[in-house]
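Trainee: I would like to learn how to read a structure that is new to me, one feature at a time. Could you take me through it?

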Amino acid sequence: MENIDELLEKSKIQLLCKKDAVFLSTIVCSLDFQWDNTIRTACTNGLFMKISPDFFTDLPEAQRVTLLAHEADHVALRHMVRVGERNFRLFNMAADYVINLGLKDAGYAPIDGWLIDEQ
């Protein structure tokens with residue numbers, strides 16, 4: 001059985017191998033990682049990515065890649081800077097809708113509970 005750090009490295013490599021994912025892969029590889037049992041899923045502040053180890057290991061392989069791409073998209077789209085004085089929770093939800101629809105359209109595996117709306 002692979003340990004969690006090996007699963008993370010494998011997911012990073014799989015992201016790098018995806019078509020048109022070099023930019024997101026570069027972002028993922030530039031972020032520091034922290035395993036964090038106090039969060040439900042994952043988050044980023046643009047400098048590091050925190051991931052719940054239980055959430056990550058429970059995901060199927062393809063969805064782990066999606067998770068990394070999702071968090072990298074937050075960085076790429078500069079959401080941490082653009083939120084400004086807005087309600088963070090509402091802004092993050094809106095950002096998730098945008099990111100998730102783009103990832104779905106790019107062929108990434110959807111994650112259960114994703115905020116996504118075709119409209």
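Trainee: What volume does the largest pocket have?

Mentor: Before the answer, please note that this is a predicted model, in which local features need pLDDT of at least 70 and side-chain atom pairs count only at pLDDT 80 or more, while totals for chains, interfaces and linings use all residues. Residues are numbered from 1 along each chain as its sequence is written, and side-chain values use heavy atoms, with hydrogens and water left out. On a 1 Å grid over the protein atoms alone, a pocket is an open set of points where a 1.4 Å probe fits, with protein on both sides within 12 Å along at least five of seven lines, and lining residues have an atom within 4 Å of a point. The largest pocket here has a volume of about 660 Å³, a volume being the space filled by probe spheres set on the points, which are joined across faces, edges and corners. Of its 25 lining residues, the closest to the centre are Thr41, Ala42, His70, Asn92 and Asp96.

Trainee: Which element gives the largest share of that lining?

Mentor: Helices (H or I, at least four residues) and strands (E, at least two) are DSSP runs, numbered from the N terminus. The largest share, 8 residues, comes from α6, and the elements that give two or more residues are β2 (42-44), α4 (61-76), α5 (79-82) and α6 (88-105).

Trainee: How should I read two packed helices, and at what angle do α1 and α4 pack?

Mentor: Two packed helices are described by the angle between their axes and the distance between the axes. Axes are lines fitted to C-alpha atoms, for helices over the stretch in contact, and angles run from 0 to 180 degrees between N-to-C directions. Helix α1 (residues 4-17) packs on α4 at about 75 degrees, with the axes 9 Å apart, and the two are therefore roughly perpendicular (65 to 115 degrees).

Trainee: Which residues of α2 and α4 make their contact?

Mentor: The axes of α2 (residues 22-30) and α4 come within 9 Å and cross at roughly 90 degrees. Phe23, Leu24, Ile27 and Val28 of α2 make the contact (heavy atoms within 4.5 Å) with Leu68, Ala69, Ala72, Asp73, Val75 and Ala76 of α4.

Trainee: How many aromatic pairs are there?

Mentor: Rings of Phe, Tyr and Trp (its six-membered ring) pair if their centres lie within 6.5 Å, and planes under 30 degrees apart count as stacked, over 60 as edge-to-face and the rest as tilted. By this rule there is 1 aromatic pair: Trp35 and Phe56 are tilted, at 5.4 Å centre to centre and 55 degrees between the planes. Trp35 lies in strand β1 (residues 32-35) and Phe56 in helix α3 (residues 53-58), so the pair ties together parts that are 21 residues apart in sequence.

Terms used. Angles under 35 degrees count as roughly parallel, over 145 as roughly antiparallel, 65 to 115 as roughly perpendicular and the rest as oblique.
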